[in-house]
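Visitor: I would like to learn how to read a protein model. Could you take me through some features, step by step?

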Amino acid sequence: MKKRNYAGIPDQYAKLENAKVVLIPVPYDGTSTWQKGADKGPDAFLDASENMELYDIETDSEVYKEGIYLADAVTENASPEAMVEAVHTATKKYINKNKFVTLFGGEHSISIGTIRAFNECFNNLTVLHIDAHADLRKEYEGSSCNHACAVYEASQTTNLVQVGIRSMDISEKSSMNTDKVFFAHDMAVNEYWMDEVIDQLTGNVFITFDLDAIDPSLLPSTGTPEPGGLFYYETLEFLRRVFTQRNVVGFDIVELCPNENEKSSDFLAAKLYYKMLSYKFSSTMEDEEDYDDDENSPFNKLAKFKSDDDDY
């Protein structure tokens, strides 16, 4: 059987030696506690990607021509700890090959290994955690590698900045730096939240994006949907600012729980991944000085909860 290429791109752009980007699928769903199916997420994401137009209008680019290598999936599932170590090993392997490493899960516990690898390879790392849930439990159901613990280690070892949080256990408050947490209910009434987040980021940023950060009206196919999430264009606006103003060193996307009767979530995940690559590699994005002027933003007037008295 011929090896599958990401998005069905031509072989010349899919070979490791030619690729700037590596995509590692991690079909793991060993610790989720409500709706199962995140292990099917990578295949659904790849299927949707093969039906996506590869020219990005906004950035006027075809980022797949930078080369995207689809690595072998990490399939270790003997235990959460074994999976985390396998993800850590695979991620670090490709970072050390000087690739821009990305991962698609799978549940959020995969990010423990991912973040550990990036933190070992990049100085002064910020983990930008975009999620509905705090994921700050030190241990859950007998394991520190549970999806509910996804960024606890990052809170101890990196500059963790959390965005979109709207669900948590009271026990997580003890591990939370509230100066670096942007709760969804505050973001809804603060038009400057994007600038305030970026002010908290160091130069090197790893993004871990849980798809339940997005409002379930747009992306219902996730294991633990929460009302009150991000909308599509404000998500892109925020990500564009991050990629433009900081050095994003890699990212993962997790928690797609596909539904055979609802394909739009799969497609949104596919577009989001491709958009993030387009922002990373596009040569047509504004520089930081230009970007300070919000009038330059094509999404400025589409941001959620814009006040009526805005004059721009």
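Guide: Let us start with a single residue. At 58% relative accessibility, Asn124 counts as exposed, because the cut-off for exposed is over 50%. One caution: this is a predicted model.

Visitor: Where does Asn124 lie?

Guide: Asn124 sits in the loop between α3 and β4 (125–130). Its backbone deserves a look too. Asn124 is not a glycine, yet its phi is positive, about 50°.

Visitor: Which other residue has a positive phi without being a glycine?

Guide: Take Asp60, with phi near 50°. Asp60 lies in the loop between α1 and β2. Asp60 counts as exposed because its relative accessibility is 52%.

Visitor: What kind of peptide bond joins Gly105 and Gly106?

Guide: To read a peptide bond, look at omega. Between Gly105 and Gly106, omega is about 20°, and the bond is cis. Gly106 belongs to the loop between β3 and α3.

Visitor: Let us step back. How many helices and strands does the protein have?

Guide: There are nine helices and eight strands. The protein has 312 residues, and 56% of them are buried.

Visitor: How do I read contacts along the chain?

Guide: Ask how far apart the partners are in sequence. Here, take the contacts with a separation of 6 or more: residues 24 or more positions apart account for 78% of them.

Visitor: Now a helix, please. How do I read one?

Guide: An α-helix has 3.6 residues a turn, so residues three or four places apart point the same way. Now check the length of a real case. Helix α3 (residues 110–121) has twelve residues and spans 18 Å from its first C-alpha to its last, close to the expected 16 Å.

Visitor: Which residues of α3 are buried?

Guide: The buried ones are Ile110, Ser111, Ile112, Gly113, Thr114, Ile115, Ala117 and Phe118.

Visitor: Is α1 mostly covered or mostly open?

Guide: Mostly covered, with seven of its nine residues buried. They are Gly41, Pro42, Ala44, Phe45, Leu46, Ala48 and Ser49. These buried residues pack against β1 (21–26), β2 (68–70), β3 and α8.

Visitor: How do I read a pair of aromatic rings?

Guide: A pair of aromatic rings is described by the distance of the centres and the angle of the planes. The whole structure holds 14 aromatic pairs.

Visitor: Why does the pair of Phe45 and Phe104 tie together separate parts?

Guide: Phe45 lies in helix α1 (residues 41–49) and Phe104 in strand β3 (residues 100–105), so the pair ties together parts 59 residues apart in sequence. Both Phe45 and Phe104 are buried.

Visitor: Is the pair of Phe251 and Tyr273 stacked or edge-to-face?

Guide: Edge-to-face, because its planes stand at 65°; the ring centres are 5.5 Å apart. Phe251 is in strand β8 (residues 247–254) and Tyr273 in helix α8, so to speak distant parts of the chain, 22 residues apart. Phe251 and Tyr273 are both buried.

Visitor: Which residues do ring pairs link into a cluster?

Guide: The cluster holds Tyr6, Phe45, Phe100, Phe104, Phe251, Tyr273 and Phe281.

Visitor: Next, the nonpolar core. Which residues touch the most other members?

Guide: The largest nonpolar core has 56 residues. Tyr6, Leu128, Ile130, Ile207, Phe209, Leu211 and Tyr273 touch the most other members. Helix α8 (residues 264–281) gives the largest share, nine residues. A second, separate core has 36 residues, among them Tyr28, Val74, Ile95 and Ile115.

Visitor: What does Leu211 contact beyond its neighbours within four places in sequence?

Guide: Leu211 is in contact with Phe104, Leu219, Ile253, Val254, Glu255, Leu256, Ala269 and Leu272.

Conventions. Residues are numbered from 1 along each chain as its sequence is written. This is a predicted model: local features need pLDDT of at least 70, side-chain atom pairs count only at pLDDT 80 or more; totals for chains, interfaces and linings use all residues. Side-chain values use heavy atoms; hydrogens and water are left out. A nonpolar core is a set of buried Ala, Val, Leu, Ile, Met, Phe, Trp, Tyr and Cys residues joined through side-chain atoms within 4.5 Å. Buried means under 20% relative accessible area, exposed over 50%, partly exposed in between (1.4 Å probe, protein chains only). Helices (H or I, at least four residues) and strands (E, at least two) are DSSP runs, numbered from the N terminus. Contact means heavy atoms within 4.5 Å. The expected span of a helix is 1.5 Å times one less than its number of residues. Rings of Phe, Tyr and Trp (its six-membered ring) pair if their centres lie within 6.5 Å; planes under 30 degrees apart count as stacked, over 60 as edge-to-face and the rest as tilted.
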